[in-house]
Amino acid sequence: VRPFPPGDYPVVVVGSGPGGLQASYCLSHLGVDHAVISRDDAPGGMFQRFPIHYIKSHCDGRRFDKLKAMLGGYARYLGMLFTGQVGMVHIHVASRASFWRKSVFFLLSYLFRKPAVLHLHGGEFAIFYGQESGPLTRRFISWIFDRAAHVVVLSAKWKEWVRSISTNPNVDVISNPVMMPETVAAWDSRRGMQVLCLGRLNKGKGSYDLLEAVAALNPVTPIE
């Protein structure tokens with residue numbers, strides 16, 4: 001797949017789904033020359049190929065903008081429920097404010113008897129549940145997990161944790177990290193490397209842990 005119009009670009013966005021389009025919008029806003037490449041003839045990715053609707057419930061910016069995005073998402077979803085456009089809902093959920101926002105989507109789905117898949121992403125959800133929530137909140141969280149049609153987590157450890165707070169038997173792992181091969185090239189045969197992070201750079205994501213670990217393993221190898 002080649003970018004259109006043809007040329008050399010400092011940044012290439014792979015995929016024209018919601019994430020790719022959002023990245024393209026941000027790059028354009030910053031004045032960064034870039035290209036978006038996709039296997040599809042039109043923007044939208046799998047949302048063009050299948051009857052999938054993406055509903056936004058959050059945005060960066062002022063509190064008013066965040067409230068507007070949240071209420072707009074609720075209104076759109078409620079309208080789709082009333083008009084029979086929902087067969088199933090896939091809810092991406094993290095801890096704290098994300099959980100409370102997404103719990104409304106779950107409750108609406110439960111009210112209309114639509115199956116809901118919970119996709120747990122929050123790395124601090126166990127802290128949110130165990131240390132920051134009172135007994136009633138913990139019961140509410142477990143109640144939601146118990147009644148989800150399916151729960152998707154990112155690792156076997158999270159699967160074990162979900163089963164410790166929920167009786168839902170339908171908990172499965174869709175791995176998020178890249179699985180390492182059994183054998184890798186020796187350090188002395190490698191050249192200076194680059195670290196590519198396709199996500200937010202912060203302590204919670206392990207960004208700094210990765211850099212410190214690589215530096216400790218081989219101080220001679222330069223990191224760009």
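A nonpolar core is a set of buried Ala, Val, Leu, Ile, Met, Phe, Trp, Tyr and Cys residues joined through side-chain atoms within 4.5 Å. In soluble globular proteins, nonpolar side chains tend to be buried together. In this predicted model, the largest such core holds 29 residues, and L120, F125, I141, F145 and V162 touch the most other members. At least two residues of this core come from each of α3 (63–82), β3, α4, β4 (116–120), α5 (125–130), α6 (135–147), β5 (150–153) and α7 (156–165). Leaving aside residues up to four places away in sequence, L120 touches V93, F125, F145, V152, V153, L154, W158 and V162.

With 15 residues, α4 spans 22 Å from its first C-alpha to its last, close to the 21 Å expected at 1.5 Å a residue. S98, F99, R101, K102, S103, F105, F106, L108 and S109 are the buried residues of α4, and these pack against α3, β3, β4, α5 and α6. After α4 comes R113, whose phi is positive, near 60°.

Rolling a probe the size of a water molecule over the atoms shows where empty space is left. In this model, one cavity of 30 Å³ or more is counted. The largest cavity has a volume of about 40 Å³, and its lining consists of I91, V93, F99, K102, S103, F106, L118 and I144. Both β3 (89–93) and α4 (97–111) supply at least two residues of that lining, with the largest share, four residues, coming from α4.

Notes:
Residues numbered from 1 in each chain as written. Predicted model: local features only at pLDDT ≥ 70, side-chain atom pairs only at ≥ 80, totals over all residues. Heavy atoms only, no water. 1 Å grid on protein atoms, 1.4 Å probe; cavity = no way out; pocket = protein on both sides within 12 Å on 5 of 7 lines; lining within 4 Å. Points joined across faces, edges and corners; volume = space filled by probe spheres on them. Buried < 20%, exposed > 50% of the residue type's maximum accessible area, 1.4 Å probe, protein only. Contact = heavy atoms within 4.5 Å. Expected span 1.5 Å × (residues − 1).
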